[in-house]
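Student: I'm new to reading structures. Could you walk me through this one, feature by feature?
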Amino acid sequence: MTRIALNWRKIPQRYNLIGTQCVTCETYYFPPRIICPKCRRKGKMDEHKFCGEGEVLTYTLIYSPPQGFENIKPYILAIIKLKEGPSLTAQIIDCKIDDVKIGSKVKSVFRKIVEEGDEGVILYGYKFKLAE
Ligand SMILES: [Zn+2]
């Protein structure tokens, strides 16, 4: 945990599932927040790296992906509720749409998201897989 705290500011949050936790009310936030909306000035925020476990709240099959994602269409996009509480939108990979159900357990994986241009910019980030 300490090692992550030393380095995480250099890494965009999409590279890791890093958010914050309000120490005062113990609420988790993703993406990270600077101020806890519940506690305001009484709140004290700490970095938190999420374990990556969660469940599917809702999902959809995307047929018209944004620029840069054309080669992977169609793909499954889901709203995932992390075990710690906050939810986020992410792609579910390595499965068929029929395999995904509301309430399916998922686990985050670190994957290539987009590759672009002459400079060969490659972005990595979190995606999710069905948990066995
Ligand atoms: Zn709070």
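Student: Let's start with a position: where is the place of Glu26?

Tutor: Helices (H or I, at least four residues) and strands (E, at least two) are DSSP runs, numbered from the N terminus. Glu26 sits in the loop between strand 1 (18–22) and strand 2. This is a predicted model, where local features need pLDDT of at least 70, side-chain atom pairs count only at pLDDT 80 or more, and totals for chains, interfaces and linings use all residues. Residues are numbered from 1 along each chain as its sequence is written.

Student: What is the phi of Glu26?

Tutor: Most residues other than glycine have a negative phi. Glu26 isn't a glycine, yet its phi is positive, about 65°. Asp94 is also not a glycine and has a positive phi, of about 60°. You'll find Asp94 in the loop between strand 6 (87–92) and strand 7 (105–116).

Student: Is Glu26 buried or exposed, and why?

Tutor: A residue is buried if 20 or more other C-beta atoms (placed from the backbone) lie within 10 Å of its own, exposed if 12 or fewer, and partly exposed in between. Glu26 counts as exposed because it has 10 C-beta neighbours inside 10 Å. Asp94 has 12 such neighbours, so it counts as exposed. In the protein, buried residues make up 18% of the 132 residues.

Student: Which residues does a cis peptide bond join?

Tutor: Most peptide bonds are trans. Here a cis one links Phe30 and Pro31, with omega about -5°. Pro31 lies in the loop between strand 2 (28–29) and strand 3 (45–49).
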